[in-house]
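Subject: A structure for you to explore

Hi there,

Here is the structure I promised to pass on to you. Please open it next to this email, and follow along as I go through what turned up.

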Amino acid sequence: MDETVIILYYDIKNIFMKEGMKMNITKVTDDTYQLLANVRGFLFEGLWEIPNGVSINSYIIKGEKTAIIDGFGGWDGAAESLYDLLDEIDVKPESIEYLIINHMEPDHSQWLEDFNKINPNVKIVCSKTSADLLEAFYNQTENIIIANDDFELDLGNGHKLSFAMVPNVHWPDSMVTFDLLTKTLFSCDAFGSFGEVGENKFDDMLSEEELAFYEAEAVRYYSNIIGSFSMFVKRAIDKCAPLPIEIIAPGHGIMWRGNVDRIISDYSRYVEYQKGIAKEEITLIWGSMYGMTEKAVNHAVKVLEGEDIKVNVHRVPDTDDGTILASVWNSTGVILAMPTYEYKMFPALACTLEELGRKKAHGRKAFRFGSYGWSGGAQKQLDEIMENHKMNWEFLEPVEFKGNAKEDDLNLIEQRIKELVKEVKAITKP
Ligand code: FEO
């Protein structure tokens, strides 16, 4: 039997040691370097599938003093590998004066204790909330400098760093760091994406097709990880707007310098998508036990194929929630198709809807249909989920049928779908 590596929780060090992955270094701009590691084969936050992996990025600025931002998230924790890596840019780990923690999520911080063994004097620069978490997570209470919106850190050689507190993008302690000399925004989780990053690490080195890949990965990342905090993302974008940003260096994904406005406006769109009006797309989410609902779904798909609109079809529980969430985030319209199960909704669809509610995918135009055997019940549970999460989806009248759908039922489904398409098109028109 093949040996299977099972990674039970989000431990990057564990993954790196088991998979032998390596960090690499890229020059960003004057005296500034990116350390990047691509990782896959685990669930992000122990929850989310990442079919195309993710990069974990950190950054080093060499002024008269050296600072590292967002840590060594891809380091395996072994002293030799760190010495070898930093040798490339002529940095000794023990000479790093400052460690800037933009937020404390362990994908960027869980190597901290290993680094402290090599460099016990490093000064940690972080928000006040991060300082509390530092104690809780790593029992660290010393060598901490608290940053705030007015704080400036001078590394020498012109590299002056300013900070902006952006709570809840993604953790409550989140902040971003800005180098006034190179005009680089180290944006933490803002403007990031899933997806491994290849040789070409900047937007201006990528084709439109490659950029489209990162756009899809950015929606997946945004909707899965920070979608719930869209209001805070909006505040962060507004707060950073006055900065003369020339480079965006996020904690995950590609760096932006050719067109920084593109990723800023993409993120602004994702913020808006949370409220309901997204792309001219429809996502159909369905589940079926013995094929009765499935037959009606096949009919629905045929109807949708005859309409001039992009459609994403996902079966539950076969499709992971992260994929469905990204798809719904992009879609103004949602169709739900499920049977009743033990006087309630088909459970897999109920779970997915709960997740959509938790991530605050609000305000969709929607329609539901499905089969029942003993009695109805799906609608009651749907209403409860919508109410509990204040989702505010606007539904057309549902079509429920006992057993198999009859011709009249299929005609009604067709009629409602065409109505939904019309509504989605009308509302998404520029
Ligand atoms: Fe990459 Fe919120 O962490």
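Let's begin in helix α12 (residues 378-388), where you will find both Lys380 and Glu384, four residues apart, or about one turn of the helix. These two form a salt bridge, with 3.0 Å between their closest N and O atoms. Glu384, at 36% relative accessibility, counts as partly exposed. If you wonder how such partners can face each other, remember that an α-helix has 3.6 residues a turn, so residues three or four places apart point the same way.

Before you go further, please keep in mind that this is a predicted model.

How many salt bridges does the structure hold? There are 22. Here are some others to look up:

- Asp114 pairs with Lys117, their closest N and O atoms being 3.6 Å apart. Both sit in helix α4 (residues 112-118), and being three residues apart they are separated by about one helical turn. Asp114 is buried, with a relative accessible area of 14%, whereas Lys117 is exposed at 66%.
- Glu355 and Arg358 meet through their side chains, at 3.5 Å from N to O. They belong to helix α11 (residues 347-358), again three residues apart and separated by about one helical turn. Is Glu355 buried or exposed? Glu355 is buried, because its relative accessible area is 13% and the cut-off for buried is under 20%.
- Glu215, Asp266, Arg269 and Lys279 are linked in a network of salt bridges.

**A charged patch on the surface**

Next, find Glu80, Asp84, Asp87, Glu88 and Asp90, which form a negative surface patch. One of them, Glu88, is in the loop between α2 (79-87) and β5 (96-100). Glu88 counts as exposed, with a relative accessibility of 57%.

**A covered helix**

Helix α10 (residues 321-330) is mostly covered, with nine of its 10 residues buried. Among the buried ones are Ile324, Leu325, Val328 and Trp329. Which residue caps the N-terminal end of α10? That is Asp320, which has a side-chain oxygen 3.2 Å from the backbone nitrogen of Gly322. Gly322 is itself one of the buried residues of α10.

Most residues other than glycine have a negative phi, and most peptide bonds are trans.

- Val316 and Pro317 are joined by a cis peptide bond, with omega about 5 degrees. Pro317 lies in the loop between β14 (310-315) and α10.
- Phe191 has a positive phi, near 65 degrees, although it is not a glycine. You will find Phe191 in the loop between β11 (184-188) and α6 (208-226), and it counts as buried at 5% relative accessibility.
- Asn392 is another non-glycine residue with a positive phi, near 60 degrees. Its place is the loop between α12 and β19 (394-395). At 65% relative accessibility, Asn392 counts as exposed.

That last stop brings you back to α12, whose pair Lys380 and Glu384 opened this tour. Enjoy looking around, and write back with any questions.

Best wishes

Note on methods. Residues are numbered from 1 along each chain as its sequence is written. This is a predicted model: local features need pLDDT of at least 70, side-chain atom pairs count only at pLDDT 80 or more; totals for chains, interfaces and linings use all residues. Side-chain values use heavy atoms; hydrogens and water are left out. Patches are made of residues with over 30% relative accessible area and no salt bridge: like charges are joined within 9 Å, nonpolar side chains (Val, Leu, Ile, Met, Phe, Trp, Tyr) within 5 Å. Accessible areas come from the Shrake-Rupley method with a 1.4 Å probe; for residues, only the protein chains shown count as cover. A salt bridge is a side-chain nitrogen of Lys or Arg within 4 Å of a carboxyl oxygen of Asp or Glu. Lys and Arg count as positive and Asp and Glu as negative; His and the chain ends are not counted. The place of a charge is taken as NZ of Lys, CZ of Arg, CG of Asp or CD of Glu. Helices (H or I, at least four residues) and strands (E, at least two) are DSSP runs, numbered from the N terminus. Buried means under 20% relative accessible area, exposed over 50%, partly exposed in between (1.4 Å probe, protein chains only). A polar contact is a pair of N or O atoms within 3.5 Å; within protein, one must be able to donate a hydrogen and the other to accept it, and residues adjacent in sequence count only if both atoms are side-chain atoms.
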